[in-house]
Amino acid sequence: MNGKGRLRGWGGVGGMALALAAAASLLVPLSRHEAGEDGAQVGGSGAGQGVQAKVDTCKDPEASLPPSADGGPTIDRIKQRGKLVVGVDQNSYRWGYRNPATGQLEGFDIELVRAIAKNILGDPDAVIYRAIPTSQRIPALQKKQVDVVVRTMTINCKRIGQVAFSSAYFKTGQQVLAPKVSTIKGYDDTLKGKKVCTAAGSTAFDELEKNAHGAVYKNLTVPNQLDCLVRLQLGEVDAVVTDSALAASQAAQDPTVKLQGDPFTEEYYGAATNLESTDLVRRINQVLVDYRSGGANSPWMKAYHDWLAADLPGISGPPEPKYRS
């Protein structure tokens, strides 16, 4: 590709600025409502016991706790604070990104955050947003720096031993993003010898560890997925492997790249909490019951049409929830 040294598309200079800003800190507060809140511990104490299925016996990681509108210790702390502290992305176009025209966070994930805040606190704006790199989603929850992470986070057997997940709210899969003129045709041997970028701590990196098809990737990880698009635009890498949902949003930012081949995994996004926060998981699952309800007129479908349909057409509804008995 001949793009080395220059940036193309929507994600150009603005995209690089966002990526570097997000990478500069492991946990960047985006909105402060009270001076003392940023340092507050938002979770409980001790280790979670029996909240999620053990990894070595994991058969259905998407099965979450049954929904409930009841309160509990985590919800009580959120109500006492008066704000929901949420880990999000601020540079994933269509999912969680800062609109350059308004300065406001927008996207499909942000709509879900607002629905959770409205349910618990009666106000969709009662949120403290914190930008978290991909690799810091789980540590931020384990250190109780946020109540919940809503950030295109895949539910899998490895992660359910580290954090607690809601029921699935979106279905996706890993896919390859590369320039339209590339010889790369998908997640196959056309990757041999090519430089491939992934985000640290991502499921894409795990898939490359299983079978990289000869790609070079181990020293090419970045803190945030948008950083991969910037590297692709600069000609520093030949391809990106990421969720198809994120890859589609990145292709929307840069018309010179496209999704190559088909998704090669099946994955589901969930909202993640600390392992102890079982009451919050159940409440989020109740929010999702209401969010999915209404068929074509459901809040989920409205958010899909507002944010994702242009880049991910043909989706008829959210995934069916699964619960543990």
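The protein has an average pLDDT of 85, and 83% of the residues score at least 70. Residues 1–55 have a pLDDT below 50. Where pLDDT is low, predicted coordinates should not be read in detail.

An open sheet is formed by 3 strands, arranged in the order 4-5-6 with antiparallel pairing. Its edges are strand 4 (91–92) and strand 6 (105–106). Each of these has a single partner strand, so one side of each is left without a neighbour in the sheet. The antiparallel pairing of strand 4 with strand 5 (residues 96–98) extends over 2 bridges. Within this part of the model, asparagine 91 stands opposite tyrosine 97, a residue of strand 5.

Another open sheet contains 4 strands in the order 12-13-11-14, and here the pairing is mixed. Strand 12 pairs with strand 13 in the parallel sense, over 2 bridges. Cysteine 197 is placed opposite valine 240, which belongs to strand 13.

Strand 13 also contributes to a cavity lining. A search of the whole structure gives 3 cavities of 30 Å³ or more. The largest cavity holds about 140 Å³ of space. Its lining consists of 18 residues, and those nearest the centre are Thr134, Arg137, Thr152, Asp243 and Leu246. Two elements, helix 5 (203–210) and strand 13 (239–243), each give two or more residues to this lining. By class, the lining of the largest cavity comprises 4 nonpolar, 9 polar and 5 charged residues.

Helix 5 includes phenylalanine 205. The C-alpha atom of phenylalanine 205 is separated by 8.0 Å from that of valine 241, although the two residues are 36 residues apart along the chain. When neighbours within four places in sequence are left aside, phenylalanine 205 is in contact with Thr198, Ala199, Tyr217 and Thr221.

Aromatic pairs form a further set of side-chain arrangements, and the structure holds 14 of them. A pair of aromatic rings is described by the distance of the centres and the angle of the planes. One of the pairs joins phenylalanine 108 and tyrosine 169, with 6.4 Å centre to centre and 25 degrees between the planes. This pair is stacked. Phenylalanine 108 lies in helix 3 (residues 108–121), whereas tyrosine 169 is in the loop between strand 9 (164–165) and strand 10 (170–172). The pair therefore ties together parts that are 61 residues apart in sequence.

Technical notes:
Residues are numbered from 1 along each chain as its sequence is written. This is a predicted model: local features need pLDDT of at least 70, side-chain atom pairs count only at pLDDT 80 or more; totals for chains, interfaces and linings use all residues. Side-chain values use heavy atoms; hydrogens and water are left out. pLDDT is the predictor's confidence in each residue, from 0 to 100. Contact means heavy atoms within 4.5 Å. Two strands pair if DSSP finds at least two bridges between them. On a 1 Å grid over the protein atoms alone, a cavity is a set of points where a 1.4 Å probe fits but cannot get out, and a pocket is an open set with protein on both sides within 12 Å along at least five of seven lines; lining residues have an atom within 4 Å of a point. Grid points are joined across faces, edges and corners, and a volume is the space filled by probe spheres set on the points. Ala, Val, Leu, Ile, Met, Phe, Trp, Tyr, Cys and Pro count as nonpolar, Asp, Glu, Lys and Arg as charged, and the others, Gly among them, as polar. Rings of Phe, Tyr and Trp (its six-membered ring) pair if their centres lie within 6.5 Å; planes under 30 degrees apart count as stacked, over 60 as edge-to-face and the rest as tilted.
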